[in-house]
Amino acid sequence: MSESTENTRPRLLVDADACPVKAECERVAERHRIEMILVSNGGIRPSRNPLIKIVIVPPEPDAADDWIAENARARDVIVTNDIPLASRGLEIGARVLKANGQEFTEANIGNALAGREIAAHMREVTGEQGRNASFTQKDRSKFSSALEVLVQVVLRD
């Protein structure tokens, strides 16, 4: 593959710390022969798959998010549940998907950021931590389908 072709092919960038869908991401990357980059502050096993790259960042807050935002390109697909990272990804023209299969878009990112701020304020006021819904097989299936469709769309564009 020529360098110019390689630079225009989308990649799959995964915010890998606590990501429950790494295996699903790998299957889609393998099926479409696209590079997958797992970004984490550690604890990720190396893959024998040459399409899978692992980037280990310092254990500082938001280091993985910063690396992804600084290295993502337009047409890349970012997998993250982090709303500020999703916003940064959208700003550069990447597509962004949550682990439950919901795509962040220009149309919904403002509400997501506002909801995040409200939740943070409520935690500060009440002292209570929010509870994350458990990740179900239905979420995993929805994610797999959404990622497959999104990658196909990006490859066609």
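Analyst: Arginine 27 is partly exposed, with a relative accessible area of 47% (buried is under 20%, exposed over 50%, partly exposed in between, using a 1.4 Å probe and protein chains only). Before going on: this is a predicted model, where local features need pLDDT of at least 70 and side-chain atom pairs count only at pLDDT 80 or more, while totals for chains, interfaces and linings use all residues. Numbering runs from 1 along each chain as its sequence is written, and side-chain values use heavy atoms, with hydrogens and water left out.

Back to arginine 27: it forms a salt bridge with glutamate 24, with 3.7 Å between the closest N and O atoms (the cut-off is a Lys or Arg side-chain nitrogen within 4 Å of an Asp or Glu carboxyl oxygen). Both sit in helix H2, 3 residues apart, or about one turn of the helix (helices are DSSP runs of H or I with at least four residues, strands are E runs with at least two, numbered from the N terminus).

Glutamate 24 itself is buried, at 5% relative accessible area. Glutamate 24 also meets arginine 140 in a salt bridge, at 3.0 Å from N to O. Since arginine 140 belongs to helix H6 and glutamate 24 to helix H2, the pair ties together parts 116 residues apart in sequence. Arginine 140 counts as partly exposed, at 24%. Put together, Glu24, Arg27 and Arg140 make a linked network of salt bridges. Leaving aside residues up to four places away in sequence, glutamate 24 touches Phe143, Ser144 and Leu147 as well as Arg140 (contact means heavy atoms within 4.5 Å).

Arginine 31 forms a salt bridge with glutamate 148, the closest N and O atoms being 2.9 Å apart. Here too distant parts of the chain are joined, with arginine 31 in helix H2 and glutamate 148 in helix H6, 117 residues apart. Arginine 31 is exposed at 52%, whereas glutamate 148 is buried at 14%. The structure holds 7 salt bridges.

How do the two helices sit on the sheet? H2 (residues 22–32) lies across E1, E2, E3 and strand E4 (77–79). H6 (residues 137–156) packs on the sheet too, touching E1, E4, strand E5 (95–97) and E6. The sheet is open, with 6 strands in the order E3-E2-E1-E4-E5-E6 and mixed pairing (strands pair if DSSP finds at least two bridges between them). Strands E3 (52–56) and E6 (103–104) stand at the edges with a single partner each, so one side of each has no neighbour in the sheet.

Notes: Axes are lines fitted to C-alpha atoms, for helices over the stretch in contact, and angles run from 0 to 180 degrees between N-to-C directions.
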